[in-house]
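Q: Hi! Could you walk me through the side-chain packing in this one? I'd like to take it topic by topic.

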Amino acid sequence: MIEAIPNTSPLSNKLRERIGNEGPITFYDWMKAALYDFQDGYYYRSDQIKWGREGDYRTSPERSSLFAATFARYFSRLYEELGRPGQWTIVEAGGGDGQFANGLLQTLHKSFPDIFAATSYVMNEVSPPSRDLARERLHIFEDRVHFRNLDDVEINPGVVFSNELLDAFPIHRITLRNGELKEFYVAFGDNGDFEWLLDGPSPTLLPRLERYFQESGFRPGEGQIAEVNLEIEDWLQKVAGKMATGYLVTVDYGATAEDLYSPLANQSGTLRGFHRHHFVDDLLARPGEQDLTTTVNWSFVKSVGARLGLELVEFERQDKFLLAAGFLEQLAIASQECQDDFERLRVHGAAREMILPDGMASHFQVLVQRKTL
């Protein structure tokens, strides 16, 4: 046993009952329930405020409308690269409450009407409360916005876009003990508090873990804790299978495998929780009531993508990407449309967050990959 943590959330009893019936479960299973349980998971709860100042975090589309507007401008370039098709599809995976979709479609409608007319927009969002919010926000575009699963979409041609999606996939928490890979499980003690437990990975999982580290090019050192996000590979396989030709644009915060697993890296891994914009110390506390996230292994994403036929087009820090994609041009347009100096000051203040070298956007990256026939 490593650590004992109290818990009080509605999901706790359900997880304790499962552990009581099955024995200790992998942290992957625990995290999947904490975030995606159909009734009490963090992303499924209608009573859980997730975004904005009153929620647990703020994403780039919420910080500045220029984020979506700049990507609309960038997508117009991709549209040209694809030969200006009469019809194309933009799929947003993990679209949340529709804020990005609204900003992007507004910009296309206003500044790129020919592209807007050719666009079919698909919102792929697993959370029912988020879908409801998105439907309400996007009602003016209801003739071209469709809410579907990725399984039900064919992309030929088009773009698949995601922002802070990969970091929310449940992960296996791994460490190296005496040269052997060990996995973190979750159990509970006599007092009902959740506890960490170390044991060997299942025989079916172990080969995938070995392939993951081999493909990443690095392996954690003795005693080092590492997160293994195998759902990234599963998701990329699905996207590559549904896309005949087009672009995959992925925005997230990540690092190379070397940075994640080197001796100088954080030996405790990158798993962290957020509650009301603060880091939480007890990662097993309040399942279903706090966000859990990890840093994306970009080395693995690129390697899997190449194996699946996704050609690397561009990989850049988000602030630099936005500037190259026309952020300042969109800022000039937004500034001209402001009704007064107060609104103009607000727009420029939010814009600074997006492009300052030490701002939030500097910690994110944008990966662009292309699939061709």
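Q: Let's begin with the rings: how many aromatic pairs does a search of the whole structure find?
A: The search finds 24 aromatic pairs. Rings of Phe, Tyr and Trp (its six-membered ring) pair if their centres lie within 6.5 Å; planes under 30 degrees apart count as stacked, over 60 as edge-to-face and the rest as tilted. Keep in mind that this is a predicted model, where local features need pLDDT of at least 70 and side-chain atom pairs count only at pLDDT 80 or more, while totals for chains, interfaces and linings use all residues. Residues are numbered from 1 along each chain as its sequence is written, and side-chain values use heavy atoms, with hydrogens and water left out.

Q: Which kind of pair do phenylalanine 27 and tryptophan 30 form?
A: Phenylalanine 27 and tryptophan 30 are stacked, at 5.9 Å centre to centre with 20 degrees between the planes. Both belong to helix H2 (residues 27-36), where they are 3 residues apart, about one turn of the helix. Helices (H or I, at least four residues) and strands (E, at least two) are DSSP runs, numbered from the N terminus.

Q: And are those two buried or exposed?
A: Phenylalanine 27 and tryptophan 30 are both buried. Buried means under 20% relative accessible area, exposed over 50%, and partly exposed in between (1.4 Å probe, protein chains only).

Q: What about tyrosine 42 and tyrosine 43, and why is that pair edge-to-face?
A: Their ring centres are 5.1 Å apart and the planes stand at 80 degrees, so the pair counts as edge-to-face. Tyrosine 42 is buried at 0% relative accessible area, and tyrosine 43 is buried too, at 13%.

Q: Which rings link into a cluster?
A: Ring pairs join Phe67, Phe71, Tyr74, Phe75, Phe100, Phe161 and Phe321.

Q: What is tyrosine 121 in contact with?
A: Leaving aside neighbours within four places in sequence, tyrosine 121 is in contact (heavy atoms within 4.5 Å) with Ile90, Glu92, Phe100, Ala101, Leu104, Leu105, Arg144, Val145 and His146.

Q: Arg144 is on that list. Which salt bridge is arginine 144 in?
A: The side chain of arginine 144 meets that of aspartate 143, at 3.9 Å from N to O. A salt bridge is a side-chain nitrogen of Lys or Arg within 4 Å of a carboxyl oxygen of Asp or Glu. Arginine 144 is buried at 15% relative accessible area, whereas aspartate 143 is exposed at 56%.

Q: How many salt bridges does the structure hold?
A: There are 20 salt bridges. One of them joins arginine 137 to aspartate 97, with the closest N and O atoms 3.0 Å apart. Arginine 137 lies in helix H7 (residues 128-137) and aspartate 97 in the loop between strand S3 (88-93) and helix H5 (99-111), so the pair ties together parts that are 40 residues apart in sequence. Arginine 137 is partly exposed at 33%, while aspartate 97 is buried at 10%.

Q: Which residues are linked in a salt bridge network?
A: Arg208, Glu215, Glu233, Asp234 and Arg307 make up that network.

Q: New topic: which residues of helix H8 are buried?
A: In H8 (residues 206-216), the buried ones are Leu209, Tyr212, Phe213 and Ser216. They cover an arc of only 90 degrees around the axis, which puts them on the same side of H8; the arc is that of the directions from the helix axis to the C-beta atoms.

Q: What covers them?
A: The cover includes strands S7 (172-177), S8 (180-188), S10 (225-228) and S16 (296-297), along with helices H10 (257-261) and H11 (298-307).

Q: Last one: which ring does the charged end of lysine 302 sit over?
A: Lysine 302 sits over the ring of phenylalanine 315, 3.7 Å from its centre. For that, NZ of Lys or CZ of Arg must be within 6 Å of the ring centre and within 35 degrees of the ring normal.
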